[in-house]
Structure formats: structure tokens, C-alpha cells
Amino acid sequence: MWHFLFFRSSLSLEMSMILSASVIRVRDGLPLSASTDYEQGTGMQECRKYFKMLSRKLAQLPDRCTLKTGHYNINFISSMGVSYMMLCTENYPNVLAFSFLDELQKEFITTYNMMKTNTAVRPYCFIEFDNFIQRTKQRYNNPRSLSTKINLSDMQMEIKLRPPYQISMGELGSANGVTSAFSVDYKGAGKISSAHQRLEPATLSGIVAFILSLLCAALNLIRGFHAIESLLQSDGEDFNYIVAFFLGTAACLYQCYLFVYYTSWRNVKSFLTFGLICLCNMYLYELRNLWQLFFHVTVGAFVTLQIWLRQAQGKAPDYDV
């Protein structure tokens with residue numbers, strides 16, 4: 001039955017096509033790869049502005065969205081901190097559009113280590129991925145070659161059960177760069193806000209940092225109790241040392257919290273917490289040797305880095321890629 005429907009729509013598909021695609025990092029909108037064959041029409045130039053505006057809002061949007069812009073549609077999906085965005089004509093079928101994006105997503109995740117995408121600082125540093133984008137785009141712009149090479153029934157059912165969120169121009173903001181604040185309601189996902197955003201999956205280095213931070217907290221706590229015992233037994237112990245040990249414990253535990261949960265100003269809080277760890281260890285200089293001080297400060301810096309690398313994702317974690 002699907003082949004019959006596909007054949008019936010093939011005539012209209014000949015007049016519809018995918019025009020371009022981009023791979024973008026969700027947390028900051030950094031373009032990682034993109035098609036290099038943009039057309040230079042007025043409508044296309046306007047759509048490129050919408051691409052940039054959407055890139056800045058990816059962390060606030062659901063994992064599957066569509067924006068209708070006159071004679072064109074912009075569709076995108078997000079997963080593991082990376083978004084896959086494409087521009088097509090308005091009559092291009094949704095099931096093909098999101099199947100195309102799904103192929104880009106699977107290939108990109110298979111080809112590139114997520115640590116590299118998280119630490120990339122240069123735009124289009126994975127531009128070689130454009131070769132795969134071009135090949136896939138050519139296949140999806142040729143309906144006769146697609147009918148025997150892909151199975152669209154699963155994607156068709158997925159879109160029917162969980163249709164893409166339709167972004168309105170009011171939510172996106174004006175094309176001159178003045179955007180409006182908005183929150184998104186999405187079926188099955190609830191309201192997406194900074195307080196309820198999910199973080200990217202923890203990496204091995206992140207897990208190691210989390211464990212080391214707990215170890216530092218435990219060491220500070222034990223030394224703090226020993227300092228209390230010394231204070232009770234004699235008057236020679238400085239009470240400020242006890243405060244420094246317990247502040248160090250609290251700082252390490254708060255770093256663990258920031259690594260696990262998303263909060264507003266999360267990166268700023270992590271740097272301030274690291275500063276507190278450094279101050280505590282400076283005050284405890286007389287009670288610790290250089291190796292102990294180096295260990296506590298290094299672990300604090302390592303955890304701060306992992307907090308910065310583990311950013312919010314715009315995708316529900318139960319989506320089967």
C-alpha cells in the first residue's frame with residue numbers, strides 16, 4: 001500500500017525538493033557542517049536568516065520542529081546536543097523530510113565522537129560531512145530511487161503519533177534580529193524551560209570527575225571531623241580550619257549537583273564554586289602538603305570543565321535514534 005501512495009505522490013515530488021541542510025550544535029548555535037550549494041534567490045536569503053535565528057533558540061525548542069516560511073519549510077531534529085536542520089520547498093512531504101534528517105543524524109553520530117562536537121570552537125569544523133549531505137540529498141530529491149531503498153512506514157507512524165512542533169513567526173521573532181521571549185508547549189513533553197532542561201548524556205570523563213569530586217568532599221568531611229575532635233581536646237586548633245574543611249565539602253558536593261542538574265547561570269556558578277575550593281585550600285595550606293593541595297585544586301578544575309562541556313540538550317532522552 002505504501003508503494004502505491006509513494007507512486008501517487010511522485011509527480012508532485014518531482015516539483016518539490018530538499019534545498020540545503022546544516023548540522024548545528026544546540027547549546028550555542030555553532031554550525032558544524034552545512035550544504036555548500038545555496039541558491040541565491042530572495043526567498044533563500046530570507047530563509048538563511050531564519051536558519052540563524054533558529055540556531056540561537058535550539059536549546060529552547062522541542063527535538064522535532066517545523067517552521068513554514070512562505071514557499072519553503074525549515075525542519076529540524078535534535079539529539080545528543082546536535083541539531084540537524086534542512087530547508088525544502090513547501091510541498092515536500094514531512095515523512096521524507098524527517099527521514100532525511102534521521103539519516104543525517106545516524107551518520108553523524110556514527111562518524112564523529114560527541115566529545116569533539118562538544119569541544120569544537122571553529123565554525124564548520126566538520127565541513128567534510130557535506131559530502132554525505134549531498135549524496136543523501138540527491139537520493140531524496142529522486143523519488144524513483146527512494147521507493148526501493150528506504151522504509152518510510154516507521155517514520156510515518158512516528159510523525160503521526162508525535163507530529164513535529166509547528167513554530168510560529170511570533171515565537172521566532174522578527175527577521176531583523178529582535179526576538180521575542182517565548183516558551184514552548186509540546187505534546188508529551190510539557191513546557192520546556194531552563195529549570196527543566198535535560199543535560200546531554202554523561203561521558204566517561206564526566207563520570208570520573210563526578211567520582212573524584214565526591215572523594216574530595218569525603219576527604220574534606222573526614223578532616224573536618226578530626227579538626228572538631230582536636231578542638232574539643234585542646235584549645236590549640238583554629239576554628240577557621242573547621243569552617244574551611246566544611247566549606248570545601250559543600251563546594252565539592254555542589255559541583256556534583258551542577259554536573260547532574262541543569263540550573264540557570266550554571267557555568268557561572270561552577271566557576272564561583274571552583275574559586276571557593278581554591279580559597280579553602282589556600283587557607284588550609286599549613287595542614288596539607290603540596291600534593292594534597294594540587295589534587296584538590298586539579299579535581300575542582302576538572303569537574304568545572306566537565307560541567308561546562310555537559311550542556312543542555314533540546315531533545316527528549318527516550319527518542320529512539
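## Terms and basis

Two strands are taken to pair if DSSP finds at least two bridges between them, and helices (H or I, at least four residues) and strands (E, at least two) are DSSP runs numbered from the N terminus. The model is predicted, with local features needing pLDDT of at least 70 and side-chain atom pairs counted only at pLDDT 80 or more, while totals for chains, interfaces and linings use all residues. Residues are numbered from 1 along each chain as its sequence is written, and side-chain values use heavy atoms, with hydrogens and water left out.

## Strand β4 and its partners

Strand β3 (residues 64-69) runs antiparallel to β4 and is joined to it by six bridges, among which cysteine 65 has phenylalanine 76 as its partner in β4. Two residues lie between β3 and β4 in their hairpin, where glycine 70 in the turn has a positive phi of about 65 degrees.

Strand β5 (residues 82-89) pairs with β4 over eight bridges, also in the antiparallel sense, and methionine 85 in β5 is the bridge partner of phenylalanine 76. In the hairpin of β4 and β5, with two residues between the strands, methionine 80 takes a positive phi near 55 degrees.

## Burial of β4

Eight of the eight residues of β4 (residues 72-79) are buried, so the strand is largely enclosed by the rest of the structure; buried means under 20% relative accessible area, exposed over 50%, and partly exposed in between (1.4 Å probe, protein chains only). Both faces are covered, with Tyr72, Ile74, Phe76 and Ser78 buried on one side and Asn73, Asn75, Ile77 and Ser79 buried on the other.

## Tyrosine 261

Tyrosine 261 is found in the loop between α11 (239-260) and α12 (266-283), and it counts as partly exposed because its relative accessibility is 48%.
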